[in-house]
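Open the model in your viewer and keep the selection tool ready.

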Amino acid sequence: MNTQLRENIHWVGYVDWSVRDFHGYNTNRGATYNAYLLQDEKTALIDTVKGLYLDHLLDNIRQHTPLEKIDYIICNHSEHDHSSSLPRVLAACPQAVVVCDQKCREFLKMQYDISEWNFQIVKTGDTLTLGKRTLQFMETPMVHWPDSMFTYVVEEKLLFSMDAFGQHFASSHRFDDEVDLPTVMAEAKTYYANIVMLYGKQIAKVLEQAARLEIEMIAPSHGVIWRSHIAEIVAAYQEWVVCQAKPKVVVLYDSMWGSTKRMAEAITQGAALEGVEAKLISVRAAGITEVATEVLDAGAIAFGSATLNMGMMPMMSAALTYLKGLHPVGKAGIAFGSYGWGKGATEDLQAWLQSTEIEILGEPLKCKFRPNREVLAECETIGRQLAEKARELAAR
Ligand code: FEO
């Protein structure tokens, strides 16, 4: 495996081939926790890895240098996947100084016993000279936590971008031009939708700041390193930060005995007849990760649920709780669903829509028991209306 980014700059992280659940995010292609070693007159470790994989990190570092040689550990973000091995890394190299921003120090203090740690607190614009190389720091709050920071190696035009531009993607390769680009772009989209969609405004600001830097390589804390397709990933981020809609309709549903599913199919058919991309997703079968990913670039969304216990189906409720937290913007939507002797699901869906910024396209379409031909025709009409709205939003 080629782990060299530049002369004396190496990836020393861990490839987690088997992880399939990253705090609820379905990581079908595994993940990586990236850490990097910069050797100059001084030696710096950029981030650490999830605590379980401490030994791998230390072994990877030892291939290049003894642990005692590490002078600085740059902590760009204190979330567990990057910091939970830090206490034991510091125990192995106690002379190392932790370099981070003030917020990161606060967060580390609330997670670990830092009483014996030496810190150097930095802020945007501060630099740290390692010898021939200079590290320049940029605070990037909410990308992904308030403590987050980018580290830029001035002489190498190399940006360590923490969670930004990451992907949960296990591979024996470390660089974007060594793997299948459509696959890695799809994983970058899934990562954006599920981890940072909520912070689009802050990320847009960071993109503006980063545009002032000359960048030849972006090394995120997850997935492959961007060196040949920087323009593609930055262009994709520029669309994702505003949840730019495509002419695309997504129909999300959960059904009990097939009636709501039948309605969902008819809505999807109506949208497809208008020539837009139309996706039918059973939230129970697909799971929340796919739901968030497909909503990111949808223009219009139909939300359907059968009634269970006077409310919506539980997996629909879970998906909507998740989506609300991710705060998709620039979308339009409508509720639908079948019920039997008790109502409640479409009322719940409508109330949820009213609690979001999603533009509501009309009253919910309700159906008592099985949808007849007239109801299905109505569903198809709604599908066509959603398609028209998706086109309109995509043109903005
Ligand atoms: Fe990869 Fe926000 O941690």
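Predicted model: local features only at pLDDT ≥ 70, side-chain atom pairs only at ≥ 80, totals over all residues.

Start with the whole chain. Residues are numbered from 1 along each chain as its sequence is written, and side-chain values use heavy atoms, with hydrogens and water left out.

**Stop 1: between the domains**

Colour the two domains. Together the domains bury about 1,100 Å², 61% of it on carbon and sulfur atoms. Buried area is the accessible area (1.4 Å probe) that two parts lose on being put together, summed over both. Now select K189, N194 and M197. These supply 52% of the area that domain 1 buries against domain 2, more than any other three residues.

**Stop 2: helix 5 and helix 10**

Helices here are DSSP runs (H or I, at least four residues), strands likewise (E, at least two), numbered from the N terminus. Select residues 181-196, helix 5, and residues 288-296, helix 10. They pack at an angle of about 100 degrees, with their axes 8 Å apart. Axes are lines fitted to C-alpha atoms, for helices over the stretch in contact, and angles run from 0 to 180 degrees between N-to-C directions. So helix 5 is roughly perpendicular to helix 10 (angles under 35 degrees count as roughly parallel, over 145 as roughly antiparallel, 65 to 115 as roughly perpendicular and the rest as oblique). Show K189, T190, Y192, A193 and N194 of helix 5 against I288, T289, A292, T293 and L296 of helix 10: they make the contact.

**Stop 3: helix 8 and helix 13**

Move to helix 8 (residues 259-273) and helix 13 (residues 373-394). Their axes come within 6 Å and cross at roughly 45 degrees. Helix 8 is therefore oblique to helix 13. Among the contact residues are M263 and I267 of helix 8, and L376 and L386 of helix 13.

**Stop 4: two loop residues**

Which residue sits in the loop between strand 20 (307-308) and strand 21 (311-312)? Select M310. Its phi is near 65 degrees, a positive value in a residue other than glycine. Finish at H327, in the loop between helix 11 (314-326) and strand 22 (332-339). Phi of H327 is also positive, near 55 degrees.

Key
Contact = heavy atoms within 4.5 Å.
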